[in-house]
Amino acid sequence: SDKTIAVIGLGNMGGAMAANLVKAGYEVLGFDPVPAAQARARENGIEVTADGPAAAARADIILTMLPNATYVREAWAALLPAAKPGALIADSSTVDVETARALHAMAAEAGLQSVDAPVSGGVAGAQAAKLTFMLGGADEAAERIAPVLAALGQKTVRCGDAGAGQAAKICNNMILGVNIVAVSEAFALAEKLGLSAQAMFDVASGSTGQCWALTSYCPVPGIVPTAPSNNDYKPGAAATMLLKDLLLAQEAAGSVAANTPLGTHVTEIYEKFVADGHGDEDFSAIIKSLR
Ligand code: NAD
């Protein structure tokens, strides 16, 4: 059975995931070029190798958690030739569907099993091992990686073949983007109509306006204690990150001629928000631009 896991990319997400794999009893190797990420990984019991391929060469399962598609494609090109025969490689970064499918093809060519396994749940979910995984790939690979994902999250949804996990991820985040703007507009309107934010919340949270953007991530402070709005809109998830996912959804929509008028509009709203210098704020800070 699989005992050794290589985690490539020990940032906010990958670092926390690697630490949870150590806690679950796996031997965990990892690499990240950033010294601070390396130091934190060592503190958490991860063996930091000289580079990514050095970790991959000894691993039963290789997991990449990198900033974007360009990084992932480059990393896989170096990792695949180094991997042990029979290893499985998974990517949990958020990338475009076309890249996800290309990665599966690269792995197949190298004779390795592969899955796309993007996540939702954010850094807090990664730390608490409460991520949700959206899984794309062959059944055999999905079954094989299940125990590893169980150590990192509370739920895995089997979405379909190669790229289906990434398709699910970007469609979900398009809903999130639309919903956070809708909730923000409603609170801004309520305020101008003389309705208190609490009354607005009490009605909508138990009514047909109910959604995660409202009940878990309320953009108005003072209502949902764990929401970034109560922490001066510090991320959470940065506006740049949501914009990245919205752009991926628009790219995917363009490639199949899907009609996504709200997705397009919300992408424009976040492009402006980021261009105005708010990219590092939590995405729920969008309410400030709608008041
Ligand atoms: P991050 O920037 O904190 O971590 C990425 C890490 O990859 C960095 O530490 C960087 O040094 C490292 N890296 C770059 N090139 C490398 C290489 N060649 N080899 C090894 N490591 C390398 O980003 P993050 O927040 O951990 O996000 C990672 C991915 O997860 C992104 O694709 C993001 O879209 C996705 N994601 C993030 C969240 C979130 O809330 N942060 C939620 C869901 C999905």
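Q: Which residues in α4 meet which residues in α5?
A: In this predicted model, Ala69, Val72, Arg73, Trp76 and Leu80 of α4 meet Thr99, Leu103, Met106 and Ala107 of α5. They count as contacts because C-beta atoms placed from the backbone must lie within 7 Å.

Q: Why is α4 called roughly parallel to α5?
A: Two packed helices are described by the angle between their axes and the distance between the axes. For α4 and α5 (residues 97-109) the angle is about 0 degrees and the axes are 11 Å apart. Angles under 35 degrees count as roughly parallel, and therefore α4 is roughly parallel to α5.

Q: How do the residues of the contact of α4 with α5 divide?
A: There are 7 nonpolar, 1 polar and 1 charged. Arg73 is among the residues of α4 in this contact, and Arg counts as charged.

Q: Which residues come nearest to the ligand?
A: Gly9, Gly11, Met13, Ser93 and Thr94 come nearest, out of 27 residues around the ligand. Two or more residues of this shell come from each of α1 (12-23), α4 (69-82), β7 (119-120) and α6 (122-127). The element that gives the most is α1, with 3 residues.

Q: How is the chain divided into domains?
A: Domain 1 takes 4-162 and domain 2 takes 167-289. Their C-alpha centres lie 28 Å apart. Each domain gives 9 residues to the contact. On the side of domain 1 that touches domain 2, the residues divide into 5 nonpolar, 3 polar and 1 charged.

Q: Which domain annotations does UniProt give for residues 4-159 and residues 163-289?
A: An unreviewed UniProt entry annotates residues 4-159 as "6-phosphogluconate dehydrogenase NADP-binding". For residues 163-289 the annotation, also from an unreviewed entry, is "3-hydroxyisobutyrate dehydrogenase-like NAD-binding".

Q: What is the helix and strand content of residues 4-159 and of residues 163-289?
A: Residues 4-159 are 46% helix and 26% strand, with end C-alpha atoms 26 Å apart. Residues 163-289 are 61% helix and 0% strand, and their end C-alpha atoms lie 35 Å apart.

Terms used
Residues numbered from 1 in each chain as written. Predicted model: local features only at pLDDT ≥ 70, side-chain atom pairs only at ≥ 80, totals over all residues. UniProt positions renumbered as here; feature names shortened; annotations may be inferred. Helix = DSSP H or I, 4+ residues; strand = E, 2+ residues; numbered from the N terminus. Near = placed C-beta within 6 Å. Domains from an automatic or database assignment. Contact = placed C-beta atoms within 7 Å. Axes fitted to C-alpha atoms, helices over the stretch in contact; angles between N-to-C directions. Parallel < 35°, antiparallel > 145°, perpendicular 65-115°, else oblique.
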